[in-house]
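Subject: Structure handover

Hello,

Here is the structure for your files. My notes on it follow below.

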Amino acid sequence: MSTKLDQINYPGTKTQKATKIAVAMGDGIGPEIMKATLKILEKAGAELDPMFINVGEKVYLSGQSAGIDQNAWDTIQKHKIILKAPITTPQGGGYKSLNVTLRKSLGLFANIRPVQAMDPFIQTGHPNMDVVIIRENEEDLYAGIEHQQTQDVVQCLKLITRPGSEKIIRYAFEYAKAYGRKKVTCMVKDNIMKLTDGLFHKVFKEIAAEYPDIISESQIIDIGSAKLASTPENYDVVVTSNLYGDIVSDIVAEIAGSVGLAGSANIGKDVAMFEAIHGSAPDIAGKNIANPSGLINAAVMMLAHLGKTDIADNIKNAWLKTIEDGIHTADIYHQETSFKKVTCAEFAEAVIARLGTAPSTLATSQLSNGSGSIQLQPYQRKVEEKVLVGIDVFLDWRGENPEVLGTELKNLGAELMKLKMITNRGVKVFPHGNKHTYCTDHWRCRFVAEEADIKATPPDYKKVTFERILYLQSKLHQAGFDIIKTENLYEFGGRRGFSLGQGE
Ligand code: NAD
C-alpha cells in the first residue's frame, strides 16, 4: 500500500510543479540510505513528491511470490519513475527476483551503470577509470527458456532480437551524445555465436555509422572483459548483451573501490527505475554506518533523466566535494586518505552542507552541458523474403554409432527430403565423422530438399513445403524415432538463417 509521505517525516515538495515518483524504502540498510538520499534531494530543491510503495521482504513473506503488491504496481504505472532502495529476497525456494519481474514487466530494456574512480580520495588500483556499462536487460540467456530434452542434455535458449539490439545500441550512442562521452565499445562473441552475437555486432556497426562524431570499436567479450579489468581507463561507454553485461558491470564496480558507491538506472520506453548497485547489506543494517552514495548517485541519474540536470550537478558536485574533504563512511574510510569517519546520516548532512560548492581536484559534474534525457524512435521492421529450405530434427537416440543412425535415416523413404548431416553437440558425426568425437543421446539430423545443395548459391536452394517436413516427421515417428524438437531452416532475404555444423 502507498504510504503517505508525511508518515515518514519527508515533506518533499507539494507544489504543482513537483514530480511524483514511486519510492521503495527497501530492506536491511534500505531505509537508512533512502532517508539520507531523500533529505539531500529535498534540500537541493529537487521538487519531487515521493509516493511510497511496498516491495521486498515483507511483501514476499505475506505470500506474494514476486515481492510486490497491487498498490505498488498501480503507483508505478501512474508515476513511471521509481527510486528503489535494495531489498532482501528471503532464503528458500519459490520467491521470484523482484528486479527481474520489474525489468521484464515494465520493459526496462537498458541497464546503465556508470563507475568512476575517486582517486586519491578513495583507494583504487585504477585511478583514471570513468566508464559506463550499458547492458541489454530483457533478452539473451535471461529469457528463461530452458528445457531438458534427453536424459543427457538440457538447453537454454539465447534470444537476441533485432529490435532489442537496435534499442540498446542506439540508447548507448544517444547516451554518449547526451552525456558528452567520446567512445562506445561493443562486446560480443560473434567468432563463435555468428548468428546471435553476429546480429548484435551487425546492428552495432549499422548504428555506429549514424554517429560519426563518436568513436566506435568492437571487442570479443573474453579479451574485452580482461582488458576492462586491467586498463579500465581505456574505456568510455561499453554496450553489450545481458549476460556479458551482468558480468562486466560487476567487474568495473569491484575494481573501482567499493560496492557502496555506484548507482544504476533501468530504463524503459515509459518507465525508469533508479537504484544503488549493492544489496540490502543485512550484516550492517540498523547500525547507521551504511554508505548512501550508491543511492545518491542513482538519484542524480534520475534527476538527469527527468531533465533536472542543474539539480543533478549540484548534488553530484556536493557529493564529490564531500568525498574530497575526506568525510567518509566506514566502508571507504582509510587513515591516510580520510579526514573523518561518519555515519550514514552525518554523510548526508555533509553533502547538504556542501550544496552549491564544487570539487577542486575531482572532475566537476557537468550533466547540464548535455541534454540529459534520451528519446528513441519506435522500431520499424523491414520486410524480408523468408524461404523454408530444410529442417533440423533433434532425436533422443540411445545408440552409439552415428553410422548406424545415418544409414537408417537415409533409408527412411521420406519422399523429397534427404539427410544432409547429423551432429552431436554441434559437431558433425555423419557422414564422415571422427571416431574420437564424444556422443550423447541428443542427435541433430539436418534434412534438406532432395535436390538441394547447402553450399550452392541462394537462388539454387530448393524450397521445402511444410507438408514435406510434416511427412518426414511422420515417417520418423513410424520408424520408432523419438523426436524431441525441430527447428525449421530458413533463408531471410537470400541469407542463410542457420549455422553450419562444425565440420560441415
Ligand atoms: P550486499 O551488496 O548487500 O553486501 C555485500 C557486502 O557489501 C556486505 O559486506 C555489505 O555490508 C557491504 N555493503 C553493501 N552495500 C553497502 C553500503 N551501501 N555501505 C557499506 N557497505 C555495504 O550483497 P549480499 O550480501 O550478497 O546480499 C544481501 C541481500 O541483498 C540479499 O538478500 C540479496 O538478494 C539482496 N540484493 C538486492 C539487490 C537489489 O535490491 N537491487 C541487489 C543485490 C543483492
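Where is the place of Asp140? Asp140 sits in the loop between β5 and β6 (146–148). Helices (H or I, at least four residues) and strands (E, at least two) are DSSP runs, numbered from the N terminus.

The model is predicted: local features need pLDDT of at least 70, side-chain atom pairs count only at pLDDT 80 or more, and totals for chains, interfaces and linings use all residues. Residues are numbered from 1 along each chain as its sequence is written, and side-chain values use heavy atoms, with hydrogens and water left out.

Backbone

Most residues other than glycine have a negative phi, and most peptide bonds are trans. Asp140 is not a glycine, yet its phi is positive, about 65°. The peptide bond from Asp119 to Pro120 is cis, with omega near 0°, and Pro120 lies in the loop between β4 (110–116) and β5 (130–136). A cis peptide bond also runs from Phe430 to Pro431, with omega near -10°. Pro431 belongs to the loop between β17 (427–430) and β18 (442–449).

Ligand

There are 20 residues around the ligand, counted as near if one of their heavy atoms lies within 4 Å of it. Of these 20, Gly279, Ser280, Ala281, Asp283 and Asn291 come nearest. For polar contacts, the criterion is a pair of N or O atoms within 3.5 Å; within protein, one must be able to donate a hydrogen and the other to accept it, and residues adjacent in sequence count only if both atoms are side-chain atoms. A backbone N or O atom of Ser280 is 3.0 Å from a ligand oxygen atom. For Ile87, a backbone N or O atom is 3.0 Å from an oxygen atom of the ligand, and for Thr89 the distance is 3.3 Å, again from a backbone N or O atom to a ligand oxygen atom.

Helix packing

Two packed helices are described by the angle between their axes and the distance between the axes. Axes are lines fitted to C-alpha atoms, for helices over the stretch in contact, and angles run from 0 to 180 degrees between N-to-C directions.

Helix α1 (residues 30–43) and helix α11 (residues 344–353) have axes that come within 9 Å and cross at roughly 15°. That makes α1 roughly parallel to α11 (under 35 degrees; over 145 is roughly antiparallel, 65 to 115 roughly perpendicular and the rest oblique). The crossing is right-handed, meaning that the near helix is turned clockwise from the far one by less than a right angle. Contact (heavy atoms within 4.5 Å) is made by Glu32, Ile33, Ala36, Lys39, Ile40 and Lys43 of α1 and by Cys344, Ala348, Glu349, Val351 and Ile352 of α11. These residues divide into seven nonpolar, no polar and four charged. Ala, Val, Leu, Ile, Met, Phe, Trp, Tyr, Cys and Pro count as nonpolar, Asp, Glu, Lys and Arg as charged, and the others, Gly among them, as polar.

α1 also packs with helix α9 (residues 293–305), at an angle of about 40° and with the axes 9 Å apart. α1 and α9 are therefore oblique to each other, and their crossing is right-handed. Ile33, Met34, Thr37, Ile40 and Leu41 of α1 meet Leu295, Ile296, Ala299, Met302 and Leu303 of α9. That contact has nine nonpolar, one polar and no charged residues.

Regards
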